[in-house]
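Me: I've got a model open here. Can we go through a few bits of it together?

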Amino acid sequence: MYGFEAMTFNIHGGYLEAIVRGHRSGLLTAADYNNLCQCETLDDIKMHLTATEYGPYLQNEPSPLHTTTIVEKCTLKLVDEYKHMLCQATEPMSTFLEYITYGHMIDNVVLIVTGTLHERDVQELLEKCHPLGMFDSIATLAVAQNMRELYRLVLVDTPLAPYFSECITSEDLDDMNIEIMRNTLYKAYLEDFYQFCQKLGGATAEIMSDLLAFEADRRAVNITINSIGTELTRDDRRKLYSSFGLLYPYGHEELAVCEDIDQVRGVMEKYPPYQPIFSKLSYGESQMLDKAFYEEEVKRLCLSFEQQFHYGVFFAYMRLKEQEIRNLMWISECVAQNQKSRVHDSVVFIF
Amino acid sequence: MADGDGPVMDLFRSQPMQLARIIIPMESAHRAISYLGELGLFQFKDLNKAKSPFQRTYATQIKRCGEMQRKIRFFRDQMYKAGVSASKISYGSVITLDELEIKLGELESELIEMNANSEKLEHAYNELLEYRLVLKKMGEVFNSAQKNATAQHKEQEHRRVEGSIDSPLLLEQEMTTDSSKQVKLGYVSGLVPRDKSTAFERILFRATRGNVFLKQDSIEEPVIDHVSGQKVEKNVFIVFHSGERAKSKVLKICDAFGANRYPFTDDIGKQHQMIIEVAGKLSELKTTIDVGQHHWSSVVQAISDQYEQWKNMVKKEKSIYHTLNMLSYDVTKKCLVAEGWCPVSATNQIQKTLLQATTDSNSQIGAIFEILHSKEAPPTYFCTNKFTSAFQEIVNAYGVAKYQEANPGVYTVVTFPFLFAVMFGDWGHGICLFLATLILILREKTYSSQKLGDIMEMAFSGRYVIIMMSIFSIYTGFIYNEFFSVPFELFGPSAYACRDSSCSDATTIGLIKVRNTYPFGLDPVWHGSRSELPFLNSMKMKMSILLGMAQMNLGIILSYFNGKFFRNDIDIWYQFIPQMIFLNSLFGYLSLLIVVKWCTGSQADLYHIMIYMFLSPMDDLDDNQMFMGQKYLQLLLLFLALIAVPWMLFPKPFLLKKQHEERHQGEAYVPLGAVDENLEPELADGSHGGHEEFQFSEVVVHQLIHTIEFVLGSVSNTASYLRLWALSLAHSELSKVFYDKVLVLALGYESVVILVIGAIVFVFATVGVLLVMETLSAFLHALRLHWVEFQNKFYEGDGYKFDPFSFALIGDEEE
């Protein structure tokens with residue numbers, strides 16, 4: 001029912017949309033970032049952050065502060081906000097909100113599995129997991145020896161179970177196939193999320209398909225660049241691309257055969273939306289690509305707030321907040337390590 | 001303007017303010033700011049707006065104070081945990097900030113260490129508790145299993161003789177096999193949170209492909225988990241497994257589920273021994289924990305004595321440093337420069353304070369206080385007392401008065417309760433309201449020191465408004481002659497009496513006037529008569545219009561005082577005068593007619609007169625003529641009203657344009673000179689002022705809107721005052737319904753039960769509907785009449801409040 005959301009959206013979604021828009025105005029602005037970048041110590045950062053929405057979360061921290069504490073507390077705020085929204089949400093919005101966390105779940109699974117492979121302590125790994133991607137039996141992942149066990153033991157109970165259908169093998173886990181597993185899972189997840197949004201229809205479908213297509217394309221580019229020079233075959237590589245997005249299907253064919261970064265660039269420059277991203281980079285350079293993609297993503301996420309009566313704002317808010325936490329982490333790291341000259345390298349201003 | 005020390009109680013115009021600069025030597029700066037904070041009459045301007053908070057001079061001190069506040073919050077949490085409340089009277093000695101910082105640090109580390117120790121002990125204690133539970137529960141399980149097993153064993157033997165083949169369960173099979181061939185089963189026992197227990201069981205089953213036996217038993221009361229320290233509902237479990245691989249898997253899964261494992265033995269003798277051992281350790285730990293707890297609570301008790309003092313001290317210090325950060329810092333001169341607003345009347349006090357600070361800190365150089373000139377609008381500051389402040393708040397809620405403009409707050413003190421009372425006229429209800437508020441006022445001291453609920457807080461802060469409202473409603477209640485809707489013959493007997501025995505109470509026909517007119521208020525005989533409502537409506541409606549006209553005229557007159565005060569002749573001649581003429585020639589005339597009708601008892605129809613004054617002014621008035629020459633007076637008034645409209649509309653924009661052009665020419669031809677002394681320093685200051693563009697069309701449109709608003713407003717505002725009549729009618733009818741249909745009806749049954757029920761319903765209806773709801777609605781309507789009908793005649797309300805740096809005003813913003 002595109003165009004008629006205005007009539008019924010607010011019955012269930014009005015309160016939460018108001019909440020999320022309120023949260024959005026709490027995001028740090030360019031002025032805040034400028035001030036933060038001038039900080040000399042982590043205490044300065046804390047002092048500045050206590051004047052923002054983060055205040056209640058940071059004000060009771062004793063003074064010798066660490067970057068991890070700051071990031072932890074900021075993430076805690078995000079998680080609290082998310083949980084509050086999830087509690088208030090009704091179907092189908094609660095499902096939508098849950099979809100947002102699946103990406104973190106995949107990352108956590110991969111983190112734990114890789115960690116156990118390298119014989120790290122499980123508790124230590126659990127602390128590193130993103131709190132949004134936690135599920136009950138996550139620690140049990142350490143028991144599993146191969147993909148099949150992983151699935152049978154733990155993941156069959158999680159929402160990730162359907163995504164596993166494509167990557168169940170009895171091979172023992174190693175770095176390579178964990179990475180392939182991550183990407184296969186992500187592909188399945190993105191496709192599922194895309195389908196779900198299409199099913200919701202209306203403005204949600206329109207906006208989310210745009211945002212997810214961008215995400216899928218970015219992953220495709222990253223997979224291509226990261227797999228250059230590895231033993232991944234072209235067919236395997238193509239299998240990891242999600243089957244939607246601007247690059248699907250012809251772009252994927254071309255990306256699959258790329259052998260170096262300049263070829264990737266050649267493929268991407270054929271697509272007008274991605275032209276400006278690549279035109280910023282000099283030839284042969286891929287370091288700044290991440291930041292360029294992040295900037296583009298932030299721009300698109302902010303734009304989704306321009307329209308009302310859709311769920312895209314929740315997705316956008318969560319992503320923006322994660323970007324903000326990444327920024328804070330980078331700034332705090334730079335300040336803590338006295339690398340203030342590099343502070344602007346990775347900070348993406350949101351407003 | 002007052003030169004004395006204390007500010008003059010002048011509510012009509014806000015206090016004259018001045019922009020001042022204070023130059024304070026570094027060494028006495030802290031003390032000077034602190035003294036100014038005690039005085040609370042100086043509003044500092046932020047001179048370092050460009051600097052972010054941590055780049056300012058005193059950022060480190062603020063950080064220190066923040067750290068100390070954090071410690072104090074930590075103490076508060078500890079006090080809350082110990083159930084100790086901070087004592088109001090602090091009898092600690094005076095200490096400096098540095099000493100306090102050290103003391104706080106020491107206390108904090110002491111408390112943290114104690115907490116860590118007791119946590120460790122608690123941890124061990126809880127662990128042992130869990131262990132004891134496991135031993136107990138599992139002992140029971142084992143015992144019953146063994147009994148079963150032996151019983152079954154015997155049965156099996158018995159059956160074996162009979163030759164029947166059973167298919168026993170895994171465990172039983174293991175148990176029944178001959179002890180020589182028995183594969184040693186390993187087992188793990190412990191506690192798992194109950195909400196995770198099913199998932200735990202499932203994963204165990206999957207991981208070992210069903211080759212385990214799990215026995216769970218729930219523990220009734222929640223157990224304190226020794227890792228998180230929270231109360232959790234738990235299950236005791238024991239897992240039997242075979243082989244080392246299975247064991248490692250089970251162990252890993254236990255870890256993953258946060259299941260605490262405890263060693264367990266199947267030997268009953270050893271079990272008993274262990275239980276005794278555990279119990280011994282438990283009692284030992286308990287005593288240790290108790291001793292630690294006692295010590296801890298004594299420390300917390302000691303802190304609670306001085307908690308308030310420390311909290312206030314740190315808060316004050318922090319605010320002082322925040323203020324110091326607003327001052328600009330002169331490196332070469334070794335002094336701080338403050339700028340800000342203060343009342344002119346407080347000049348002496350401030351200078352005295354600064355002098356005091358200089359002498360107290362043994363400074364060589366005194367602080368310099370100088371007055372600056374500025375075109376910036378000064379803040380508005382009214383010296384209110386506890387009585388007038390609530391009324392001033394009513395006005396401020398609409399908008400803070402422009403600097404020195406006429407303040408409607410003065411009149412609000414009387415008109416607000418009065419208009420309220422017109423709508424709430426019942427002396428019974430008035431007395432109830434009065435008594436309720438009287439409690440608030442008599443217990444003012446106790447209430448003001450404690451925290452009240454939201455609604456109570458509001459009622460308490462408005463206590464003087466409410467008491468005025470109740471006094472006035474007692475007065476209007478006497479006029480309406482209503483006591484819970486019942487009339488009394490308080491001021492002598494009614495003026496009317498029945499002519500003969502045939503006339504009834506329900507009619508006025510047949511009544512004749514036997515005495516002088518009832519001396520005060522409404523004659524009680526009207527009550528309950530058939531013509532009661534027509535009579536009351538007519539009276540209250542006319543009264544509403546008279547009151548409204550009086551208040552609106554007051555508003556317009558106040559605009560004259562504003563014009564005169566700000567030397568704005570244009571406003572007086574082209575706004576005040578035509579407005580006066582317009583309003584009074586139409587509705588002022590109506591008021592006149594009302595008064596004449598009341599005095600003469602004429603039967604004229606006032607609607608008719610007013611309507612035909614516009615529709616056909618030339619016609620004769622016939623029956624409606626009330627006095628000689630009425631027709632010609634009406635023609636004159638109509639003419640004046642018609643003249644007043646263009647008078648209001650046209651001249652002002654043109655005059656403003658002319659004025660503007662003249663001023664500009666003056667500037668062009670007289671470049672330097674003593675035109676305006678105030679202009680010079682202001683220009684030197686450079687930061688304030690500036691010329692606004694003069695846009696003629698904008699001014700014309702503005703004036704057009706203003707005129708239309710006034711012309712239409714004079715009709716609609718007059719009509720708006722009829723709400724006085726409507727609400728007072730609603731109030732008296734409602735109370736009459738409650739009285740007649742509840743109390744009188746209940747009396748009629750002559751049954752005590754019904755009477756009691758009726759009385760209860762009556763009391764609740766009176767309190768809930770009439771005293772609470774009706775008070776609120778009458779309050780809101782009175783508020784509207786003041787904000788809209790009265791204040792739009794003159795009040796700009798675009799000023800900003802004087803917000804001095806004062807310790808008394810530092811609220812608990814964090815709590």
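Me: Start with residues 742-773 of chain B. What share of the chain is helix there, and how far apart are the end C-alpha atoms?
Reply: This is a predicted model, to be clear. Residues 742-773 of chain B are 91% helix and 0% strand. The end C-alpha atoms are 19 Å apart.

Me: And what about residues 632-650 of chain B?
Reply: That span is 95% helix, with 0% strand. Its end C-alpha atoms lie 28 Å apart.

Me: What does UniProt call these stretches of chain B?
Reply: The unreviewed UniProt entry marks both as "transmembrane region".

Me: Switching to chain A. How do α7(A) and α17(A) cross?
Reply: Helix α7 (residues 93-117) and helix α17 (residues 312-336) have axes that come within 10 Å and cross at roughly 30°. Angles under 35 degrees count as roughly parallel, so α7(A) is roughly parallel to α17(A). The crossing is right-handed.

Me: Which residues make that contact?
Reply: From α7(A), A:M93, A:F96, A:L97, A:I100 and A:H104. From α17(A), A:G312, A:F314, A:F315, A:M318 and A:E322.

Me: What's the breakdown by class?
Reply: Seven nonpolar, two polar and one charged.

Me: Zooming out, which domains does chain A have?
Reply: The assignment gives domain 1 (10-80 + 311-350), domain 2 (89-192) and domain 3 (201-309).

Me: How far apart are the centres of domains 1 and 3 of chain A, and how many residues does each give to the contact?
Reply: The centres, taken over C-alpha atoms, are separated by 27 Å. Domain 1 of chain A gives 22 residues to the contact and domain 3 of chain A gives 18 residues.

Terms used: Residues numbered from 1 in each chain as written. Chains lettered and ligands numbered in written order. Predicted model: local features only at pLDDT ≥ 70, side-chain atom pairs only at ≥ 80, totals over all residues. Heavy atoms only, no water. UniProt positions renumbered as here; feature names shortened; annotations may be inferred. Helix = DSSP H or I, 4+ residues; strand = E, 2+ residues; numbered from the N terminus. Axes fitted to C-alpha atoms, helices over the stretch in contact; angles between N-to-C directions. Parallel < 35°, antiparallel > 145°, perpendicular 65-115°, else oblique. Left-handed = near helix turned anticlockwise from the far one by under 90°. Contact = heavy atoms within 4.5 Å. Nonpolar A, V, L, I, M, F, W, Y, C, P; charged D, E, K, R; others polar. Domains from an automatic or database assignment.
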